[in-house]
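Here is a short tour to follow with the model open beside you.

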Amino acid sequence: MSLPADSSVLATSLRTDPCGLLRRHDVGRTVRLGGWVHRSRDLGGLVFIDLRDRTGLVQLAFGPGWSAPEVQASAAAVGVESVVLVEGEVVARDADRVKADMDTGEVEVRVTALRVVGPAVTPALPVARNRGDKMPAEELRLRHRYLDLRRPELQENLILRHRLLQVARRYLSDNGYLELETPILTKPTPEGARDYLVPSRVHPGEFYALPQSPQIYKQLFMCCGFDRYFQIARCFRDEDLRADRQPEFTQIDIEASFIGQEDILAMAEGLVVSLWKEAGVEVPRPFPRMSYAEAMERYGCDRPDLRYDLALQDYTPVFRALDFGVTSTAIANGGRVRGLVVPGGAAWSRKQVDELEALAKGAGAGGLLRVRFAEGAYDGPIAKFLTDDARAALALREGDLALFVAAPDRISSPALDRVRQECARRLDLVRDTDRRFLWVLDFPMFEEDPDTGALAAVHHPFTSPHADDIAAHPDAPAKWRALAYDCVLNGTELGGGSIRTSDPAVQSRMFALLGIGDVEEQERRFGFLLEGLRAGAPPHGGIAFGFDRIAMLLSGATSLRDVIAFPKTTAARSLFEGAPVAVADKDLDELHIAVAADVTRGAISPDGQGA
């Protein structure tokens, strides 16, 4: 709960106290309260109402000894979720009526005056239910979000979100960072996802873009001399959604000048430690570090979950000498045989192992090779191909199951990552109370299309490559590492950043390597950044943390939608207000836009809104 140190600041002309903060020391006071009727009970001669606001519940009592008949009649008739104002005396409950499960369980308010200020119709769904109760379908709750947000769990999530934002602001401000704002209507730039475009009414045929991040603007702040910047930034990406993605999201965006990678990592660790401390969790520093190459080699992904081992290994030397077509062909074509050993996995049924193979295939692998060691013998589809030397090299122990993928790393890594995670889940190796933070460093600067050889930026085109790699491989940019870093917790990326390219000539070369070699094209798309760099740019870098994801993890929620007040569905729709909608033709005409004839449009109401 987030309340002022002196809760009396919540007092207004209509209420003296919040509902959930009354205690035994308030007995004898006359108070005025306001809130929602959580539930009511009419016992004939007495009426009881549990009144709720964001601080909690308090019981109101209406009886003939202190409530006028009309007051008691109004209490009996008031509907659930109606908003009322009451006045009365705080009294102590009898010892046998104390409710230990309520913060206000030692007292109640005997009401002398009642006014219904917000009568409510019958709610479309139950609200403020007890924890653990079965909830209505999420779509129904999102449609009636104004009711769903009255639930204590969601209110606590949003209150925690507020507290975390204040901690971030205090930490960064105390470290000399300035909270500066960047534009929402910006220029389209390539940042890895589709832009949301906004048509300009006054400039026909031209468009703004909603920012995928404030990246270029925060770099320009460095060129302007604001050497430490941060922003609680709203960002927008038109991409396919998952449980942990939203089309609009919030990030803690940070940039600093005259710094190196170590400076950023130290500052970022301090911020993470402060955020987790606000949620009651102590986090040790420094965080462990791992190179991208090691993460991919041992775990198959660049955000490994270190709460369990099950590390991947390269078994290519074992299989190279075997007369087994699948592995021989893969190795001959430049691939490798990689896999993992699962202790106890030999007891899994054929169906259970086939399910693992389905996961590997879903991630792009052609199949999943397997062999087990049970009752002192090797068994499985590939057991007959194993020589004595191969079995000695595998060195499986009783009960072990070995799983392999024979393919190029770009295929085997994601497949084995999926398999590894599922094996850990089945073996109950994952402990939710464990927190394994990690820095992943030295990402590749570029990824190369295996068919065309075209380069794409792994992070974004403004990241600085390692100077040593440029010197060692001047004509092989696919071998360059980036001065980039990601902060990972238990297999989840919390944030990432990099040291930026501050030399305009190097930045121009980066664009050229990405296929934007024409100088005029560079100036058209990125001229405002290049001009800033040419005007004198300090060495600078930064990081951005996904704030919604952090709030989700610290609240214990399972979806980003539970820590965002008015979220979108996985179909990118906002059910509460019914967005997006079709727009009336007259409004489109003002924007100089025509909708293609083969596009199905929703009905348009007279006010121009979608029906």
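## Helix H5 and what follows

Just after helix H5, glycine 225 takes a positive phi of about 100°; helices here are DSSP runs of H or I with at least four residues, strands are runs of E with at least two, and both are numbered from the N terminus. H5 itself spans residues 215-224 and is mostly covered, with eight of its ten residues buried. Buried means under 20% relative accessible area, exposed means over 50%, and partly exposed lies in between (1.4 Å probe, protein chains only).

The buried residues of H5 include Gln215, Ile216, Leu220 and Phe221. What do the buried residues of H5 pack against? They pack against S9, S10, helix H15 (519-534) and strand S22 (540-546).

Residues are numbered from 1 along each chain as its sequence is written, and side-chain values use heavy atoms, with hydrogens and water left out.

The pLDDT, the predictor's confidence in each residue from 0 to 100, averages 93 over the protein, and 96% of the residues score at least 70. Over residues 603-611, however, the pLDDT is below 50, and this stretch has 14 contacts in the model beyond near neighbours in sequence; a contact means heavy atoms within 4.5 Å. Where pLDDT is low, the predicted coordinates should not be read in detail.

## Strand S9 and its partners

Strand S9 (residues 228-236) is mostly covered too: seven of its nine residues are buried. Strands count as paired if DSSP finds at least two bridges between them. S9 runs antiparallel to strand S10 (residues 248-257), with nine bridges joining them, and isoleucine 232 stands opposite isoleucine 252 in S10.

Strand S6 (residues 178-179) runs parallel to S9, and two bridges join them. Glutamate 179 has phenylalanine 230 in S9 as its bridge partner.

## Leucine 178

Leaving aside neighbours within four places in sequence, leucine 178 is in contact with Phe226, Arg228, Tyr229 and Phe230. From leucine 178 to phenylalanine 230 there are 52 residues in sequence, yet their C-alpha atoms are 6.0 Å apart in space.

Methods. Predicted model: local features only at pLDDT ≥ 70, side-chain atom pairs only at ≥ 80, totals over all residues.
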